[in-house]
Amino acid sequence: MRTSGYAGDPAPRPAPAIARDSGWWGMQLTLWVLISMLAALLFSYYYLRTGASTWPPPPAEDPVLWRTGIATGLLVLSVVPAAVVHVAARSGRAGGRLPAALAVALVIGAAFLAIQLADYPANGIDPQRDVYGSLVLALAGFHHINAVLVLIGFAVVALKVRGDRMQPRDQQMAVTVAYYWYFVVGSWLVIAFTLYLTPRFW
């Protein structure tokens, strides 16, 4: 039974291994710090909500859902190109669907941010009026700053990756950016549930 190429065939080229260097561990630590920060912001929101008889406090009203519904749908959809980037990076492939996946992730991420930034003034959220507006923008700002950082990461990966194979360092960067985007998507689901849905039943 043939287990390798015929004599004279070039040996199969293994995918470069992804080394868990200091950058990888730094990213893991950063994610845990971000999760802790998000938990602290959510605790502040729910703590103040518990002490209020009416939420959102007048004259604020329950936020309109349709804009953030579209934005959230786009953000969830962006997991697909991020996963393509992740899989391509782990295999070391730089060609194929990777450039298109990076471009789609950038476009969807930018569209999400544009819709959300238009949503806050449309919902009358004013951080200088009351603590509700401050908390909304603190939670949203925390998320959107991280989203911008990851989009910059996607752009850097798109600029660095050339040819058919990734260098191990570029692989690590692409995988790290993909993990960071998963955090951005997951954290937004928690934030959107808190800001847009809980005022309707609590």
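1. Let's start with helix 6. This helix has 34 residues and spans 49 Å from its first C-alpha to its last, which is close to the 50 Å expected at 1.5 Å a residue. Keep in mind as you look that this is a predicted model.

2. Where does helix 6 bend? Go to Thr194: the helix bends there by about 35°.

3. Now bring in helix 1. Helix 1 covers residues 22-50 and packs against helix 6, residues 168-201, at an angle of about 5°, with the two axes 11 Å apart. Angles under 35 degrees count as roughly parallel, so helix 1 is roughly parallel to helix 6.

4. Which residues of the two helices meet? On the helix 1 side they include Trp24, Met27, Leu31, Leu34 and Leu38. On the helix 6 side, look for Tyr180, Phe183, Val190 and Ile191, among others.

5. Zooming out, the protein chain has six helices and zero strands. Read from the N terminus, its elements go α-α-α-α-α-α.

6. Last, two figures for the whole chain. Of its 202 residues, 41% count as buried. Take the contacts between residues at least 6 apart in sequence: 86% of them join residues at least 24 apart.

Notes
Residues numbered from 1 in each chain as written. Predicted model: local features only at pLDDT ≥ 70, side-chain atom pairs only at ≥ 80, totals over all residues. Heavy atoms only, no water. Axes fitted to C-alpha atoms, helices over the stretch in contact; angles between N-to-C directions. Helix = DSSP H or I, 4+ residues; strand = E, 2+ residues; numbered from the N terminus. Parallel < 35°, antiparallel > 145°, perpendicular 65-115°, else oblique. Contact = heavy atoms within 4.5 Å. Expected span 1.5 Å × (residues − 1). Bend = angle between axes of the 7 residues up to and from the residue. Buried < 20%, exposed > 50% of the residue type's maximum accessible area, 1.4 Å probe, protein only.
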